[in-house]
Amino acid sequence: MESDMITEADLQSLISTLVIHGGTEGDERTGAVSVPIYQTSTYKQQELGVNSGYEYSRTGNPTREALEILIKELEAGATGLAFASGMAAITAVLMLLKSGDSVIIPSNIYGGTFRILDKIFKNFNIDYEIVDTSDLEEVEKRINPKVKAILIESPANPLLTITDIRGISEIAHRHGALVIVDNTFMTPYLQRPLNLGADIVLHSATKYLGGHSDVIAGLVVAKGNNIGERLKFIQNATGGVLSPFDSWLLVRGIKTLTVRMDRHVENAEYLVEYLKNHAGVTKIYYPGLPENEGYSVHKQQAYGPGAMISFVLSEDYDIKEFFRNIKVITLGESLGGVESLVSHPASMTHASIPYEVRQKVGIVDNLIRLSVGIEDSGTLINDLENAFKKAGK
Ligand SMILES: *Cc1c(COP(=O)(O)O)cnc(C)c1O
């Protein structure tokens, strides 16, 4: 399908079809409806200087290309690229920067993104500045000529903080900086940052896009051809490409993205209703709650609240007992799979942040994060209710 011709409103109504029929469909030679897995490193060349369009699979592979075209169409961009992990995708994007450049990030950026800037890119004289990107005035105050990119997530982990993507893009572009959005929590079904003004959108496809907790992958889409070509060069030069089989798993996973997301969100909204009124919960973070900061901004830029919920367990409950007694919901890192997962940010995903900083930004020791799966919602509530009962002091 020709994504250039599709308006934002049309895309939202088309996207359930596009996830299935977008990109490269099936196999022309045999009529197979599933795109073949081209498990090959190289390709026979017809004669010197004449080839089929493929030379070597780091540079190009038809199965990976099927995925790359598909994600490009879903995010309404010019170029799509598939990487061996979300971190490989983020690394490739940061390689657009040069020594002396700086990137603005919020404090609640994904831990791995912070680590790679703090421990690796810093060695190459590429700096970062931590700014509360949910506050546009603060961003305006802190942006300076060194800043060549602003990298954000909205909603961000684990307090589901919302950043105004249109507002950030307006400020960044006035100062000649790129806007990079990690869209992992939303997926292109619920939010399309390129249509909101961002230059690059990326995903840990390990999460909702794959959707089944069985593949590690990253995807990048560039809005413009120029940045797209530069990223394609970086992808081939540095080589962190996704394998043909994992590319196929993602094409397969994405086919059910919209039905999965509808169910994820339905379950999450149901769980939020239950948690909101529970004596064991003192605070709840969810972009779909009108009392949440950022609610109206999120509503203007996204098509739904998503299925990540964080809440603070009351001091009257024992948190270890709570985790011990959750049976259906699995204790584990990651998110976005069909199975519900629960995690403890203070000791798991955000343990590397010093205690005082965690307290200051709201990642308290009693904070619990839920990635709501697509199981029966009644079963999930019974599971939580049982854990609350056992954990009551
Ligand atoms: C998981 C995650 C990443 C890293 O992706 P990997 O596939 O684990 O390398 C980046 N950003 C966000 C928001 C994530 O949740």
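The lining of the second largest pocket comprises nine nonpolar, seven polar and three charged residues, where Ala, Val, Leu, Ile, Met, Phe, Trp, Tyr, Cys and Pro count as nonpolar, Asp, Glu, Lys and Arg as charged, and the others, Gly among them, as polar. The structure is a predicted model, in which local features need pLDDT of at least 70 and side-chain atom pairs count only at pLDDT 80 or more, while totals for chains, interfaces and linings use all residues. Residues are numbered from 1 along each chain as its sequence is written, and side-chain values use heavy atoms, with hydrogens and water left out.

The second largest pocket has a volume of about 260 Å³. A pocket is an open set of points on a 1 Å grid over the protein atoms alone, with protein on both sides within 12 Å along at least five of seven lines; a cavity is a set of points where a 1.4 Å probe fits but cannot get out, and lining residues have an atom within 4 Å of a point. Grid points are joined across faces, edges and corners, and a volume is the space filled by probe spheres set on the points. Of the 19 lining residues of this pocket, Ile-20, Val-33, Ser-34, Val-35 and Lys-255 lie nearest its centre. Two or more residues are given to the lining by each of helix 1 (8-21), helix 2 (62-74) and helix 9 (244-255). Helix 9 gives the most, with four residues. Helices (H or I, at least four residues) and strands (E, at least two) are DSSP runs, numbered from the N terminus.

One cavity of 30 Å³ or more is present, and the volume of the largest cavity is about 30 Å³. Its lining consists of Pro-155, Leu-160, Phe-185, Met-186, Pro-305, Gly-306, Ala-307 and Met-308. Because domain 1 (3-254) and domain 2 (258-391) both give residues to this lining, the largest cavity lies between them; the domain bounds come from an automatic or database domain assignment.

Gly-80 is located in strand 1 (residues 79-83). This residue is buried, with a relative accessible area of 8%; buried means under 20% relative accessible area, exposed over 50%, and partly exposed in between (1.4 Å probe, protein chains only). Residues up to four places away in sequence not being counted, Gly-80 touches Glu-68, Ile-71, Lys-72, Val-220 and Val-221, contact meaning heavy atoms within 4.5 Å.

Among the buried residues of helix 10 are Leu-257, Arg-260, His-264 and Leu-271.
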